[in-house]
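Have a look at the sequence and the 3D view, then read on.

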Amino acid sequence: MAQWKYREVYDYTEKILGYLLKHELSSEEIKWFINETLEGFQEYVNPGFLRYRKSVTKGGQYAAVEWKDSGPNCFMDITGKEYIDCLGGYGIYNVGHRHPKVVKAVVDQLSKQALHSQELLDPLRAVLAKILAKITPGDLKYTFFSNSGTESVEAAIKLAKMYQNKRGRHTFIAATRAFHGKSLGSLSCTAKAAFSVTVRLK
Ligand SMILES: Cc1ncc(COP(=O)(O)O)c(C=O)c1O
């Protein structure tokens, strides 16, 4: 595989960024981007994606390449075809795509501060934890914030291990067809044998 020089990386990313900012792409540009996406998955992500996705025809002569949201409940591919979103980001779009209030809140916060310092006390974490304690049932009080489902499952595994290992219990039970994320611990709790036997959590 021929390695790229810095200039080639720069030119390529400039081209992509230019396309992303354009309101309309020409049919040549659309064709180029679809082929580029197919080649990217085939050569650099995982060719398996192209085999099982329903958005790619057998042989890959047609591929629906996603491009943008289209209204609160639809998205659009690069050719302008609209799709109803029946997945809703696994639940994250419970107020629809790009709800103006959500977009405004994100922009407002980014304009104020993009990331907390990791050293001073983050007030938003304190108040959100309080709200969560007040609205969840029972006596659960402390909140551990994470960036993803995987991290949350990982934290749950660690807590369970800390508590149960002392009692001589080391087994985790996963429901058939369960999926819990892609990190070492969460993947090991996946029911699929190929993933779960690779690592023992003991
Ligand atoms: C049930 C379940 N647990 C955990 C995860 C992993 O979450 P994330 O992709 O945010 O790491 C998923 C993701 O699809 C999930 O469906």
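## Contacts along the chain

In this predicted model, take the contacts between residues at least 6 apart in sequence: 29% of them join residues at least 24 apart.

## Helices and strands

The protein has eight helices and three strands. Starting at the N terminus, you can trace the order α-α-α-β-β-β-α-α-α-α-α.

## Overall shape and surface

How does the protein's radius of gyration relate to that of a compact globule of 202 residues? The globule would come out near 17 Å, while the protein has 22 Å. Along the principal axes, the C-alpha atoms fill a box of roughly 65 × 45 × 40 Å.

Of the 202 residues, 17% count as buried. The protein exposes about 16,800 Å², and carbon and sulfur atoms supply 60% of that area.

## Around the ligand

Let's look at some atom pairs. A polar side-chain atom of T150 is 2.4 Å from a ligand oxygen atom. For G149, a polar backbone atom lies 2.8 Å from an oxygen atom of the ligand. F179 also uses its backbone: a polar atom there is 3.4 Å from a nitrogen atom of the ligand. On its own, the ligand has 390 Å² of accessible area, and the protein covers 55% of it.

Notes. Residues numbered from 1 in each chain as written. Predicted model: local features only at pLDDT ≥ 70, side-chain atom pairs only at ≥ 80, totals over all residues. Heavy atoms only, no water. Polar contact = N/O pair within 3.5 Å; in protein donor to acceptor, adjacent residues only side chain to side chain. Areas by Shrake-Rupley, 256 points an atom, 1.4 Å probe, with all protein chains shown as cover. Helix = DSSP H or I, 4+ residues; strand = E, 2+ residues; numbered from the N terminus. Rg over C-alpha atoms; globule rule 2.2 N^0.38 Å. Buried < 20%, exposed > 50% of the residue type's maximum accessible area, 1.4 Å probe, protein only. Contact = heavy atoms within 4.5 Å.
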